[in-house]
Amino acid sequence: WPTSDNQTRAILVSTYAKLANLYEECRPLVAPVFARCTNNVDVEIQQRAAEYSSMREAFSPEAVEDLLREMPPFEDNKQSALEQRLREKEGDNSAAVQKAARPSIAERKRAAQSAATIKAVEDVAAQAQQETGPIEADPVSPMSDGSPGTAKKANGSKVGIPKEVIPAMRKAFSNLCTSPSGVLFENAMLQVGVKHEYVGAQGRISVFFGNLNKTALSHFRATIEEVDHLRIQKQGTQGLLDEDESGGCDVAVRTQAKLLLIVEVTAPFDDAPAMKVSFETENGELHEYPLRLPIVATCFMEPVTLEPGAFMQRWRSLEGQDRECQEVVKAPPNAPAIDEEYMKRIATIVTDGLKFGRCPGCDPTPWTVSGAATFRTGAKDMNGNNINVGCLVRVEANPQAGAFRVTTRTLHPLCSKAVKNVALVSIKLA
C-alpha cells in the first residue's frame, strides 16, 4: 500500500472488500483501512471506501455477497454487439468482420490454458496406467459403503457382498464422508481405497483397487453411476472403464488398478453416487460388488463465520417446513457421559467433518453448537453468477437423556436433508 500509486490503491480497496466478503477473518483487518480512506484526498479511493464501508449497513448479507461476487467470464461462443452490427451492415466477407472474428489475445490465452488443463489430466491418466506398485505404497485408509449386495455362488450366478458385512461397510462409508482417505471395501480378494479432496464446487477423487487374492483378477471393471447433479470426468487404468462385460483389465497379484474422477457439483443433492465393481477369478467365478462413493453434499461446503446477530437473523429467515430438517439421535451405547469435553468432539464434527464455520457467541449454553457454511455449485444463474446455497446447523445436547437434536436450515430442502444425515451418522460414530 505505501509504495502504490492512487490508481493501484483504488483497485486494492476493491480487492480488500472482496477478500472481506469471502473470508470473515479479514473483516477486522479491512475495516480500519476503509475508515482511513473515507477521507482520502483522491476522490476515487474515497468513494470506494465509503461505499464498501456502508454497504453492510445498507443491505442484507446475501445482497452484499451478490454485489461483491466475481464477474462472470465472457462466453467464448457469444457474439459481441459490435461484431453483429458489422456483420449485418457489411456482410460476412468484409475485412472488418473477418478482423473482428479473429480470436483476441485473451481468447488465445484462454484456449492455451484449456489445452494445458486437458493435457495435465491426460498425463495423470497415463501415469495411473503405468504405475502398478504394491498396495502398501498408496496411503489408503478406512472407508466403505452400505449398498445391499447378494452373495450367491451357484453355477453361472454372481457372487456379491454377504449381508453380515453390510453393517461394517456402512460404518466405514460414514467415516469416509468426513475424512479425506480410507478403505471403502475389503475382503479376502479385494481392497478398494479412496482419497478425495475438494475446493469449492469441484473435487478430485482417486480410487485404488488392490488385488489381495492369490491369483490374478480378470475382466476387472468399475462402473460409475451417471447423476444429474454431478459433472464427472473419468480416467483410469486401461480397460477399467469398459462397458462391455467381455472387456475390463487384468489386475495381477499384489498390484492395483486406479481410477481418477474429477467432479463438479451443479445442484443440491442428498445421495452418494453408486459404483459397481465386477471381476472374474481364475476359476471363472464372477464377483459383483455394489458400492457407493463418499461424495456427499458436505464435501462441497465452505465454512462461514457469522456474528450472533447475523446468525439469528438468517436462522429466523429460514424457518419453514421445506427449509428445515430436524431429528433426535441417541448417543452411542458405549459413549461416555455428555460433558463439555464430549461437546468439544461434537464441535470438531461440525467444523472439520461437516466443513461448517463455528459461530462464536451464537450458542446460549455449553450444550449447543452452531455453524454456518455455503454449499458451492458450478451452475450459473441468468446473470452468469455461480449458484450457491447458504446453510445453517445447530446441534443441541440433552445430557440427562443422552441424546442430541440436530436441526439444519438451508434455502434448499435437499441441502437441509443432506447436512442432517451426515451430522447424524457422524454423531453416532463420535
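Me: Why does Lys158 count as partly exposed?
Reply: Lys158 has 36% relative accessibility, and because partly exposed covers values between buried (under 20% relative accessible area) and exposed (over 50%; 1.4 Å probe, protein chains only), Lys158 counts as partly exposed. This is a predicted model, in which local features need pLDDT of at least 70 and side-chain atom pairs count only at pLDDT 80 or more, whereas totals for chains, interfaces and linings use all residues. Residues are numbered from 1 along each chain as its sequence is written, and side-chain values use heavy atoms, with hydrogens and water left out.

Me: What makes Glu288 and Lys158 a salt bridge?
Reply: The closest N and O atoms of Glu288 and Lys158 are 3.2 Å apart, and a salt bridge requires a side-chain nitrogen of Lys or Arg within 4 Å of a carboxyl oxygen of Asp or Glu, so the pair qualifies. This pair links distant parts of the chain, with Glu288 in strand S10 (residues 286-292) and Lys158 in strand S1 (residues 158-159), 130 residues apart; strands are DSSP runs of E with at least two residues, helices are runs of H or I with at least four, and both are numbered from the N terminus. Glu288 is itself partly exposed, at 21% relative accessibility, and a network of salt bridges links Lys158, Lys276 and Glu288.

Me: How do you know that Asp271 forms a salt bridge with Arg292?
Reply: Their closest N and O atoms lie 3.8 Å apart, which is within the cut-off for a salt bridge. Asp271 sits in the loop between strand S8 (256-265) and strand S9 (274-280), and Arg292 in strand S10, 21 residues apart. Asp271 is partly exposed at 41% relative accessibility, as is Arg292 at 25%.

Me: Why is it said that Lys420 and Glu327 tie together parts that are 93 residues apart in sequence?
Reply: The side chains of Lys420 and Glu327 meet in a salt bridge at 3.0 Å, N to O. Lys420 lies in helix H11 (residues 413-428) and Glu327 in strand S12 (residues 324-330), so the contact joins parts that are 93 residues apart in sequence. Lys420 is buried, with a relative accessible area of 11%, whereas Glu327, at 36%, is partly exposed.

Me: How many disulfides does the rule give?
Reply: The count is zero. Cys391 is in no disulfide, and the nearest cysteine sulfur, that of Cys415, is 4.5 Å away, whereas a disulfide needs a pair of cysteine sulfur atoms within 2.5 Å. Cys391 is buried at 2% relative accessibility, and Cys37 is buried too, with a relative accessible area of 4%.

Me: Why is Glu245 called exposed?
Reply: Glu245 has a relative accessible area of 58%, which is over the exposed cut-off, so the residue is exposed. Glu245 lies in the loop between strand S6 (230-236) and strand S7 (249-251).

Me: Why is Phe356 called buried?
Reply: The relative accessible area of Phe356 is 1%, which is under the buried cut-off, so Phe356 is buried. Phe356 lies in the loop between helix H10 (340-353) and strand S13 (357-358), and its C-alpha atom is separated by 8.6 Å from that of Thr298, 58 residues apart along the chain.
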